[in-house]
Number of protein chains: 2
Amino acid sequence: MVKVRRDTITSGTGSFRLAKTSSDSGARAGELLTPHGSVPTPVFLPVGSQATVKTVTPGDLKSIGVHMLLANAYHLYLRPGVTLIERMGGLHRFMDWDGAVLTDSGGYQIFSLANLRKVADRGVVFRSHIDGSLHSLTPELAVEIQQSLGADVMMVLDDVPSSTGSFEEVQRAVQTTHIWAERCLRAWSSGDRMLFAIVQGGLFPELRHSSAAYLTSLGFSGYAVGGLSLGEPKAQTRAMLEETAVLLPPGKPRYLMGVGSPEDIVDGVGAGIDIFDSVLPTRVARNGSLLTWRGKCNIRNSAYREMDGPVDSDCDCYTCRHFSAAYLHHLFRCEELLAYRLATVHNLSFMSALMGRMRRAIMEGEFKSFRERFRAGYQPTDEEVRLAQKRKWLDARNRRMAIEDE
Amino acid sequence: MVKVRRDTITSGTGSFRLAKTSSDSGARAGELLTPHGSVPTPVFLPVGSQATVKTVTPGDLKSIGVHMLLANAYHLYLRPGVTLIERMGGLHRFMDWDGAVLTDSGGYQIFSLANLRKVADRGVVFRSHIDGSLHSLTPELAVEIQQSLGADVMMVLDDVPSSTGSFEEVQRAVQTTHIWAERCLRAWSSGDRMLFAIVQGGLFPELRHSSAAYLTSLGFSGYAVGGLSLGEPKAQTRAMLEETAVLLPPGKPRYLMGVGSPEDIVDGVGAGIDIFDSVLPTRVARNGSLLTWRGKCNIRNSAYREMDGPVDSDCDCYTCRHFSAAYLHHLFRCEELLAYRLATVHNLSFMSALMGRMRRAIMEGEFKSFRERFRAGYQPTDEEVRLAQKRKWLDARNRRMAIEDE
């Protein structure tokens, strides 16, 4: 195979500027320059699959300090349809968001459909999780859809292997991912919209290496690490991430897909990742789980029933400035819709603060000590509990052809 | 019975100032002066039973132009409890609302419990709709609870008869209502918090007359008309309202409880009512029914699928300024939580605009022509459909000991 294109974008809009690399870790601070503004990195992208980050308005997101969000081409293609969004002036105008947008190609969603999809050389044929209608997606169409939506950063269509797949199965998926990535690159009209490739390879270092080597040789605007955090133990995720990150070109942005717990993000930043996305902060918010510097706390717990102060005294978000933990506890007990919004605002504000503090620490050459302080203070969810929850969620998700979740 | 107190409050905070009475209808413009600011009348109060107007923050309400809301002593007494709210500095501080609050005593909710309550001379014994626990409420306790919550306007505990009750049944309920009203008045500590009586009498003009005559003779801060809009035809509601309103003292505020459809409110204002409350605008919003000057429209309707403009081009609310009808349609189809919030903001903004326009029309001596223009443009829900919906809702509500609704 030939190298299709190498680094057509080196500066200006549609590029990445590295501001600082940590001397005592892989951590980096930078800036993603998009047609919809500059995005300081490391950055966490809230997920707005269906052209809305659940419960919050674009104005709320701006107040929280969000510069970029993730939308999902798969969801939007099915509903309300790409033609409609195009007619409405593109995704930004449709949802009234003037910040940057990264779109996921839909690979992950489609490969979660299990029995509802079939991979062919040309692309993938799948049934809609909404109405069972038959659709066919090719790498070319995936790019076209994302371009029509007006994404600032597009993702290639990838073949996501099961996290329990054999070496041969994962190897086959990696090969398909490579062929499709190249076709995406050819279909991409370049300009100031970026296209990121996705390194696959499951939990096999050898496959991760070859995937990274091949994809970086083609020259994309950025590189994602896919297929992790799918129910494997954290130590394995971390090892695989560190293996992969060092293989990616330092001048390009690096994106760890679907990772969103604070402790994993701190590790990811340490491993040299610039971009993260996950439904975690917004999903757990709706379950009453609030992120703090001490760890997650469940506001439904009776300990909060009479707490007059904010749930997190270190937090200056809208929710904590205006409402007591007792009030949030009350709203959750009553299943009041405002509960979900206030908790979402808090959790996204926490993520924003976390990313901001990390960026400052990197700029000041203090990332390692930041990470130590963070780890000393933050109590992550017990690993066994976490794994059980994650697997339960993934199962439920697959059973209901899920995806509706976010 | 003796007259307990007459007009202890005549001016200043905790009073009502009449600014203008329409010469060609009963319509009045005025101002309710409360410890939490002045409330221009006629006014519509959004319902925030559980210390939250569903989906919106106090900040949203302020932006919409809301000066006063309704909270429900029954709900708050059961959850989170009055002692807790008192400890949190009162209802205003608990929910971060610095505007005025009117609390309903809970009479209506308790009398909706049907088999779960028993009226005795002393008061009413009822079972919680949440956990079945047994509670007893007296007129004195109803006032004490509302005072503890910090309500700006309190309501007496009343005995709400069934809308299909016989003359004798309704008469008995009126008598109980009168005795309880007098006891509430004795229990009230006056000051700058107002106490309103509730005129009952079902659909019997004779009972309405005697109820109005007796209650006004006691001298409350204001008078409500209760027990209407409970499934009877609109013409009957209107006739009964007009009968009652003229019996109330012109210098005191008049409150029509539980009436919230735009066409009924316009009629109510014409009959001389100053204050309205209802879950209607917020409840129908969550069903996708948006209020416009042409009538209600259902945003789920496919006609809105591709509508690039706002749902109502006459509306300058946050929702209509920022989002197209097509976007709202999409959010409702996807059952996205943001849908309910944006629709609520729109409907409450419509109510605010409606009340504002009526007030201006009254001040300019133009209410009658305003009403004609409104009626010419506004298509109310078909009466049969409306009655069927209302009865269905009331039934469902009673079946599930409802009340959770709002």
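In chain A of this predicted model, the packing of helix H7 (residues 167-187) against helix H8 (residues 205-218) brings A:Val170, A:Gln171, A:Val174, A:His178, A:Ala181, A:Glu182 and A:Leu185 of H7(A) into contact with A:Leu207, A:Ser211, A:Tyr214, A:Leu215 and A:Leu218 of H8(A), two residues being in contact if their C-beta atoms, placed from the backbone, lie within 7 Å. By class, this contact has eight nonpolar, three polar and one charged residues, where Ala, Val, Leu, Ile, Met, Phe, Trp, Tyr, Cys and Pro count as nonpolar, Asp, Glu, Lys and Arg as charged, and the others, Gly among them, as polar. Two packed helices are described by the angle between their axes and the distance between the axes. For H7(A) and H8(A) the angle is about 10 degrees and the axes are 11 Å apart, the axes being lines fitted to C-alpha atoms, for helices over the stretch in contact, with angles running from 0 to 180 degrees between N-to-C directions. The two helices H7(A) and H8(A) are therefore roughly parallel to each other (angles under 35 degrees count as roughly parallel, over 145 as roughly antiparallel, 65 to 115 as roughly perpendicular and the rest as oblique). Helices (H or I, at least four residues) and strands (E, at least two) are DSSP runs, numbered from the N terminus. Residues are numbered from 1 along each chain as its sequence is written, and chains are lettered from A and ligands numbered from 1 in the order in which they are written. Because the model is predicted, local features need pLDDT of at least 70 and side-chain atom pairs count only at pLDDT 80 or more, whereas totals for chains, interfaces and linings use all residues.

Between the chains, 29 residues of chain A are in contact with 29 residues of chain B. On the side of chain A that touches chain B, H3, helix H4 (91-95), H13 and H14 each supply at least two residues, and H13(A) gives the most, with five residues. The residues of this side of chain A divide into 14 nonpolar, seven polar and eight charged.

The peptide bond from A:Arg79 to A:Pro80 is cis, with omega near 10 degrees, and A:Pro80 is found in the loop between helix H2 (73-78) and helix H3 (82-87) of chain A. In chain B, a cis peptide bond joins B:Arg79 and B:Pro80, with omega about 10 degrees, and B:Pro80 is placed in the loop between helix H2 (73-78) and helix H3 (82-87) of that chain. A:Ala51, although not a glycine, has a positive phi of about 65 degrees and lies in the loop between strand S4 (43-45) and helix H1 (58-64) of chain A.
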